[in-house]
Amino acid sequence: GVHHNSASVVQYLVEQDTTALDAVDMGGNTALHYACRGANYETIAMLMEKYGAASVSKRNAHGKLPVDLLFVSDRVSDRESVEYTESVFRLLITYPVTLMN
């Protein structure tokens, strides 16, 4: 599939159809899973702003939360960066239960 990494494309789709956020692929991944896997900080921020905890707490078919995919993403160039740290913090603080697992 084609991967559009711009937040504006995601925002456009989401505004067209709010069920787009709940849409999952065959692996149970949501838009936020993809944003996290791609370490796409702008998109993560936009999805979080719009949907908050609802999207953060969805697990994919492998039982992974979006933040789990960000932790292991090979797209993260710098794990000390402000963007990475902020995204992780935002994802965890919105759904603190993840810290208990």
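Thr94 is partly exposed, at 26% relative accessibility, where partly exposed covers the range between buried (under 20% relative accessible area) and exposed (over 50%), using a 1.4 Å probe and protein chains only. Welcome to a predicted model, in which local features need pLDDT of at least 70, side-chain atom pairs count only at pLDDT 80 or more, and totals for chains, interfaces and linings use all residues. Residues are numbered from 1 along each chain as its sequence is written, and side-chain values use heavy atoms, leaving out hydrogens and water.

**The whole chain**

- The protein chain has 6 helices and 0 strands; here helices (H or I, at least four residues) and strands (E, at least two) are DSSP runs, numbered from the N terminus.
- Of the chain's 101 residues, 38% count as buried.
- The protein chain exposes about 6200 Å², and carbon and sulfur atoms supply 55% of that area; accessible areas come from the Shrake-Rupley method with a 1.4 Å probe, and for residues only the protein chains shown count as cover.
- Among contacts with a separation of 6 or more, 62% join residues 24 or more positions apart, a contact being heavy atoms within 4.5 Å.

- Thr94 lies in helix α6, which spans residues 82-94.
- Leaving aside neighbours within four places in sequence, Thr94 is in contact with Met48, Gly52, Ala53 and Val56.
- Thr94 and Val56 are 38 residues apart along the chain, and their C-alpha atoms are separated by 7.3 Å.
- Ser87 also lies in helix α6, and at 2% relative accessibility Ser87 counts as buried.
- With neighbours within four places in sequence left aside, the contacts of Ser87 are Tyr41, Ile44 and Leu70.
- Glu86 is another residue of helix α6, and its relative accessibility of 44% makes it partly exposed.

- Tyr34 lies in helix α2 (residues 31-37) and is partly exposed, with a relative accessible area of 33%.
- Tyr34 and Leu70 are 36 residues apart in sequence, yet 9.2 Å apart in space, C-alpha to C-alpha.
- Ala39 lies in the loop between α2 and α3 and is buried, at 11% relative accessible area.
- Although it is not a glycine, Ala39 has a positive phi of about 50°.
- Most residues other than glycine have a negative phi.
- In helix α3 (residues 41-51), the buried residues are Thr43, Ile44, Ala45, Met46, Leu47, Met48 and Tyr51.
- Just after α3, Gly52 takes a positive phi of about 55°.

**A buried loop residue**

- Asn60 lies in the loop between α4 (53-56) and α5 (66-72).
- With a relative accessible area of 8%, Asn60 is buried.
- Not counting residues up to four places away in sequence, Asn60 touches Gly27, Gly28, Asn29, His33 and Leu69.
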